[in-house]
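Have the sequence and the 3D view open as you read.

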Amino acid sequence: MLDNLQFDQKGLIPAIIQDYKTGQVLMMAYMNEEALKKTIETGKTWFYSRSRQKLWMKGEESGHIQEVKEISYDCDADTLLIKVEQTGVACHTGHYSCFYRDIEGREVEEKVFDEEVIYAPGKEGPAILFELYEIIKSRKENRPEGSYTAYLFNQGIDKILKKVGEETAEVIIAAKNPDKGETVYEIADLIYHLMVLMVEKEVELSDIFAELRKRR
């Protein structure tokens, strides 16, 4: 494959990194031939830093690694598209994607790894489910002090199930109210607690999607 690629005069080629589950573009960086070879060999993304003039592996310090699922290139053979499974976040700012601002400079995606963020206003689409799932997994693994999610895991399965039951009842009550906003709010709470249960029981979102597809 490398023989087909068109590296620039500095021996670099841009690589667009995409979440293989959601299709969300996560970041863009440059690779040289060695970085691409290491990416193929290790199954994790490696890039070439133009400022430091050295290779670096995504997540080597933060732990937010990218497991490579697929590599392709465009019609001119001068740009790579790499689909990955992202652990944690892709952006050093704490956002899931580096593309978190609109053209006016407004943030359209909240940070997800420096505080307990459950909802991301203005960011529609299924990607938030995967981001939330990763946050919950992180809270289970690290158990940060003051985290409500960590508290649920510390209390155990009975507490988690109790909250799922309570939130289900609150959805029913809200649905009897003509205010749509209240129903949306309570459904979001229920989904969050269901996802805590999923992480506790090691159920992946893909398991749920596969079951739904099977029933279609």
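Helices here are DSSP runs of H or I with at least four residues, and they are numbered from the N terminus. With that in hand, we can say where each pair sits in this predicted model.

**Charged pairs**

Side chains of opposite charge can pair when their charged atoms come close. How many salt bridges does a search of the whole structure find? The search finds 12. Three of them are looked at here, including two that involve E211.

| Salt bridge | N to O distance |
|---|---|
| E167 and K163 | 3.8 Å |
| K214 and E211 | 3.2 Å |
| R215 and E211 | 3.0 Å |

**The pairs in helix α6**

Helix α6 covers residues 205-215. K214 and E211 are three residues apart in this helix, so about one helical turn separates them. R215 and E211 are four residues apart in helix α6, which again means a separation of about one helical turn. E211 therefore has a salt-bridge partner at each of these two positions, K214 and R215.

Are these residues buried or exposed? K214 counts as exposed because its relative accessibility is 64%, over the 50% cut-off. R215 also has a relative accessibility of 64% and counts as exposed. E211 is partly exposed, since its relative accessible area is 30%.

**The pair in helix α4**

Now turn to helix α4, which spans residues 157-175. E167 and K163 lie four residues apart in this helix, so they too are separated by about one helical turn. Their side chains meet in a salt bridge, at 3.8 Å from N to O.

What is the relative accessibility of E167? The value is 5%, so E167 counts as buried. K163 is buried as well, with a relative accessible area of 14%. Both values fall under the 20% cut-off for a buried residue.

**A residue in a loop**

Finally, find N32. Where is its place in the chain? N32 sits in the loop between β2 (25-31) and α1 (33-42). Its relative accessibility is 15%, so N32 counts as buried. Leaving out residues up to four places away in sequence, N32 touches F7, G11, L12, Y48 and L55.

To look back, pick out K214 and E211 in helix α6, then E167 and K163 in helix α4, and end at N32 in its loop between β2 and α1.

Key
Residues are numbered from 1 along each chain as its sequence is written. This is a predicted model: local features need pLDDT of at least 70, side-chain atom pairs count only at pLDDT 80 or more; totals for chains, interfaces and linings use all residues. Side-chain values use heavy atoms; hydrogens and water are left out. A salt bridge is a side-chain nitrogen of Lys or Arg within 4 Å of a carboxyl oxygen of Asp or Glu. Buried means under 20% relative accessible area, exposed over 50%, partly exposed in between (1.4 Å probe, protein chains only). Contact means heavy atoms within 4.5 Å.
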